[in-house]
Amino acid sequence: VASNGLDEKKIANMELYEHAHFDSYGVGENLITSASDPVFGGVYKLAAVEDGEGHIIPKIKISENVGKITNPHFKKLYRFYGNDTGKAIADYLCLHDETVDDSKDLEIFDPEATWKTKTVYNFTAKELQVPIFRQGQLVYRKPTLEEIRAYCQQQVDTLWDEVKRFDNPHTYYVDLSRKLWTIKNDMLRQKR
């Protein structure tokens, strides 16, 4: 057992460079105090409302800090996997009623640097969100802890090593559909 002020970087260095062999690690204070990120940045923000006739009205939070500007509307999320590698290519955030036809090539773009584009081909699109409740009824089979653990490990294994490294990790892309980006951009322009 190794202990005493350990965190993920110290453990990685011990294993990779010092060839340490331990059965378990004590990560107490760094796990409890969240030393690397003492404030959780995830906060609920209103993205849309539904009027009395069932129309969805997108809402946006605007900030001087670009990272705090929200993506408006009722959305769904896809992950694209390369058919040749099984590795995750990018995540794709789109409107709730959009679908992705993964039998065709798809051009995606960086929502902050729109001139950066990439054509995704030979891929499988998997919708990541699954319904838990519909009209107050549970419609989801709750997985066991072992199933959750296996699924998480399988998903981590779909990420390239360059994305998972601690030092200078490659950015994993989350792109917006053209429709969602246009709605967001139009809303930002209207707020000037």
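User: Happy to start with T119. Which residues does T119 touch, not counting residues up to four places away in sequence?

Analyst: In this predicted model, T119 touches D105, L106 and E107 once those sequence neighbours are set aside. T119 itself is found in strand β6, residues 117-120.

User: Why is T119 called partly exposed?

Analyst: Its relative accessibility is 40%. Buried would need a value under 20% and exposed a value over 50%, so T119 falls in between and counts as partly exposed.

User: What makes the pairing of D91 with R79 a salt bridge?

Analyst: The closest N and O atoms of D91 and R79 are 2.7 Å apart. The cut-off is within 4 Å, so the pair qualifies as a salt bridge. D91 sits in strand β4 and R79 in strand β3, so the bridge ties together parts that are 12 residues apart in sequence.

User: How do you know whether D91 and R79 are buried or exposed?

Analyst: Set each value against the limit for buried, which is under 20%. D91 has 7% relative accessibility, so D91 counts as buried. R79 has 16%, so R79 counts as buried too.

User: And K104 with D101: what makes that a salt bridge?

Analyst: Their side chains meet at 3.8 Å, N to O. That value is within 4 Å, so the pair passes. As for accessibility, K104 has 53% and therefore counts as exposed, while D101, at 39%, counts as partly exposed.

User: Let's turn to the core. What makes up the largest nonpolar core?

Analyst: It has 10 residues in all, among them Y78, F80, Y92, I108 and F123. To belong, residues must be buried and joined through side-chain atoms within 4.5 Å. The elements giving two or more residues are β3, β4 and β7, and the largest share, 3 residues, comes from β4. A second, separate core of 7 residues includes L77, L95, F109 and W181.

User: Which class leads in the lining of the largest pocket?

Analyst: The lining has 9 nonpolar, 4 polar and 2 charged residues. About 390 Å³ of space lies in this pocket. Of its 15 lining residues, the closest to the centre are V66, N71, P111, E112 and K184.

Notes
Residues are numbered from 1 along each chain as its sequence is written. This is a predicted model: local features need pLDDT of at least 70, side-chain atom pairs count only at pLDDT 80 or more; totals for chains, interfaces and linings use all residues. Side-chain values use heavy atoms; hydrogens and water are left out. Buried means under 20% relative accessible area, exposed over 50%, partly exposed in between (1.4 Å probe, protein chains only). Helices (H or I, at least four residues) and strands (E, at least two) are DSSP runs, numbered from the N terminus. Contact means heavy atoms within 4.5 Å. On a 1 Å grid over the protein atoms alone, a cavity is a set of points where a 1.4 Å probe fits but cannot get out, and a pocket is an open set with protein on both sides within 12 Å along at least five of seven lines; lining residues have an atom within 4 Å of a point. Grid points are joined across faces, edges and corners, and a volume is the space filled by probe spheres set on the points. Ala, Val, Leu, Ile, Met, Phe, Trp, Tyr, Cys and Pro count as nonpolar, Asp, Glu, Lys and Arg as charged, and the others, Gly among them, as polar.
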